[in-house]
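Dear colleague,

Please find below the structure that I am handing over to you. My findings follow directly after it.

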Amino acid sequence: MSFFRNLWRAFLVVAYFLYAALELAITRPHTRPERAAWLSRFCGRILRAMHVTYSVNGPIPTSGAIISNHLTYVDIMLHSAIHPVVFVSKAELRSTPLLGWMSMMSGTVYVARGRGGSASKAAEGMAKGFRDGLPVVFFPEGTTGVGDEVAMPFRSGLIAQAIDAGAPIIPAFITYSIPDRDTAAGKTLRNDVHWGPQGLVAHIWSFLSLHGLHATMQFADEPIAFSDTAPFRPQNRSPGGP
């Protein structure tokens, strides 16, 4: 039964991807808010198909910057499903078949680490998101973390860009839990939800075998208050810098 459940869920996910791509090709939303709204609807459908539920604690940001921990690709769908947002992503995503086109059409801002002009391009893209009244989400750890640390060291470049733009920065923290029956069957968050050394296809197949997943999104009540005397005030670092 588990095998056939996986196949059915995989079919639903593929069907929603194709439907979303067709919808995007037909409607071709022009403004960033329209694109963010499209992505929000799409992510909500995918979460339901994968039996992912979520709860939100704290006020949901409707503007400014959101920095979040990063555990798995589900984080992206979760942020978007909760409220339309603009994402800042690695430039490599742009060249990924289908996903790259969909991310571009949804208004994603791309960052090419270590390349000339990347910082100014990222700042320009983030500023457009701020001006359009959309929250701009990025993951300052720079990658998914599956170890025992609560959070890995932050890469400061994008945070500096948000500070220089005068945008409030709201921290968010995501946690996940799986049903007791999955835990009893040997499933774990580390191996079956967080994205570690597994390949994408193998991880998705393992993820689809879960009977459910619940995510908790915790938003801070207030933006981070940065001190003018703090050593963290980089002005010329690339977005991917240490």
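**Aromatic pairs**

Trp-8 and Phe-11 are both exposed. The model in which they are found is a predicted one. These two residues belong to helix α1, where three residues, about one turn of the helix, separate them.

Tyr-73 is located in the loop between β2 (65-68) and α3 (74-82), while Phe-207 is part of helix α9 (residues 200-208), so the pair ties together parts that lie 134 residues apart in sequence. Tyr-73 and Phe-207 are both buried.

Over the whole structure, the search returns six aromatic pairs.

**The sheet**

I turn next to the strands. Seven of them make an open sheet with mixed pairing, in the order β1-β7-β6-β2-β5-β3-β4. Strands β1 and β4 are the edges, each pairing on one side only. From one strand to the next, the twist averages 25°.

- β2 and strand β6 (residues 169-177) run parallel and are joined by four bridges. Within this pairing, Ile-66 has Ile-170 of β6 as its bridge partner.
- β6 and strand β7 (residues 213-219) run antiparallel, with six bridges between them. Here the bridge partner of Ala-172 is Phe-219 in β7.
- Strand β3 (residues 86-90) pairs with β4 in the parallel sense through three bridges. Opposite Lys-90 stands Val-111 of β4.

Helix α3 packs on this sheet and touches β1, β2, β3, β5 (136-138), β6 and β7. The direction of α3 makes about 120° with that of β6.

**Helices α1 and α2**

On the side of α1, the contact is made by Arg-9, Leu-12, Val-13, Tyr-16, Phe-17, Tyr-19, Ala-20, Glu-23 and Leu-24. Helix α2 contributes Trp-38, Arg-41, Phe-42, Arg-45, Ile-46 and Ala-49. Of the residues in this contact, 11 are nonpolar and four are charged, with no polar ones.

**Positive phi angles**

Most residues other than glycine have a negative phi. Arg-28, although not a glycine, has a positive phi of about 40°. Arg-28 is placed in the loop between α1 and α2, and its relative accessible area of 42% makes this residue partly exposed. His-51, likewise a residue other than glycine, has a positive phi near 60°. The loop that holds His-51 runs between α2 and β1 (52-57). With a relative accessibility of 42%, His-51 also counts as partly exposed.

Gly-129 is part of helix α5 (residues 118-131). Its relative accessible area is 0%, so Gly-129 is buried. Apart from neighbours within four places in sequence, Gly-129 is in contact with Arg-32, Val-86, Leu-134 and Val-136. The C-alpha atom of Gly-129 is separated by 9.0 Å from that of Val-109, a residue 20 residues away along the chain.

Thr-108 lies in the loop that connects α4 (99-105) and β4 (109-111). Buried means under 20% relative accessible area, and Thr-108, with a value of 13%, is therefore buried. When neighbours within four places in sequence are left aside, Thr-108 is in contact with Phe-87, Ser-89 and Ser-103.

With kind regards

Methods
Residues numbered from 1 in each chain as written. Predicted model: local features only at pLDDT ≥ 70, side-chain atom pairs only at ≥ 80, totals over all residues. Heavy atoms only, no water. Contact = heavy atoms within 4.5 Å. Nonpolar A, V, L, I, M, F, W, Y, C, P; charged D, E, K, R; others polar. Phe/Tyr/Trp six-rings, centres within 6.5 Å; stacked < 30°, edge-to-face > 60°. Buried < 20%, exposed > 50% of the residue type's maximum accessible area, 1.4 Å probe, protein only. Pairing = 2+ DSSP bridges. Axes fitted to C-alpha atoms, helices over the stretch in contact; angles between N-to-C directions.
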